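Take a look at the chain below. Keep the sequence beside it as you read.

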Amino acid sequence: NAEYFFFDKAVVSTQSTGKANRSAAKNKPAEQAPAPAPAAVPAAPPKDYDECRLQLRLPTGQPIVNSFKAEDTLGDVVAFIRDTSSELQEFSLMTSFPRKVYQASDFGFSLKSLGLCPSSVLIVSLSKN
């Protein structure tokens, strides 16, 4: 038992100081060399999406799912919402996470450039008059 305890103590001592203990080296089993680090896998190039699937959450809670081209603008989405629901003529669009409220100045930007591709949820809320 005393020899085993000494062996454990020598191993701990060897690991913490980095110095080999000759008497412990005789009793210690051969250590395996650390495994080489796996080769770094090159990152895949970002995908180039040509379609954008949007879920539009209407103020009633009803979801409308539609696919748009990635190069369609946010203004195209606004027109789609107005065509779909005649009650929705004045509204705002926002994402929940990360929280972003889109302004009329954003309507000219593509869905791709706004980071809405390949899929996103847009919340449609009534504008306050």
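This report covers a sheet, a helix and the salt bridges of a predicted model.

## The sheet

Five strands make up an open sheet. Their order is β2-β1-β5-β3-β4, and the pairing is mixed. β2 and β4 stand at the edges. Each has a single partner strand, so one side of each lacks a neighbour in the sheet. On average, neighbouring strands are turned by 30° against each other, direction ignored.

Now zoom in on one pair. β1 and β2 run antiparallel, and seven bridges join them. In one of these strands, β2, P63 is the bridge partner of R57.

## The helix

Helix α3 spans residues 74-84. Its residues L74, V77, V78 and I81 are buried. They cover an arc of only 100° around the axis, which puts them on the same side of α3.

What do the buried residues of α3 pack against? They pack against β1 (51-57), β2 (63-69), β3 (91-95), β4 (100-102) and β5 (119-126).

## The salt bridges

Side chains of opposite charge can pair when their charged atoms come close. A search of the whole structure finds two salt bridges.

One joins the side chains of K112 and D48, at 2.3 Å from N to O. This pair links distant parts of the chain, 64 residues apart. K112 lies in the loop between β4 and β5, and D48 in the loop between α2 (22-27) and β1. K112 is partly exposed, at 35% relative accessible area. D48 is exposed, at 61%.

Another pairs D106 with K100. Their closest N and O atoms are 3.7 Å apart. D106 is buried, with a relative accessible area of 10%. K100 is partly exposed, at 35%.

Note on methods
Residues are numbered from 1 along each chain as its sequence is written. This is a predicted model: local features need pLDDT of at least 70, side-chain atom pairs count only at pLDDT 80 or more; totals for chains, interfaces and linings use all residues. Side-chain values use heavy atoms; hydrogens and water are left out. Buried means under 20% relative accessible area, exposed over 50%, partly exposed in between (1.4 Å probe, protein chains only). Helices (H or I, at least four residues) and strands (E, at least two) are DSSP runs, numbered from the N terminus. The arc is that of the directions from the helix axis to the C-beta atoms. Contact means heavy atoms within 4.5 Å. Two strands pair if DSSP finds at least two bridges between them. Axes are lines fitted to C-alpha atoms, for helices over the stretch in contact, and angles run from 0 to 180 degrees between N-to-C directions. A salt bridge is a side-chain nitrogen of Lys or Arg within 4 Å of a carboxyl oxygen of Asp or Glu.
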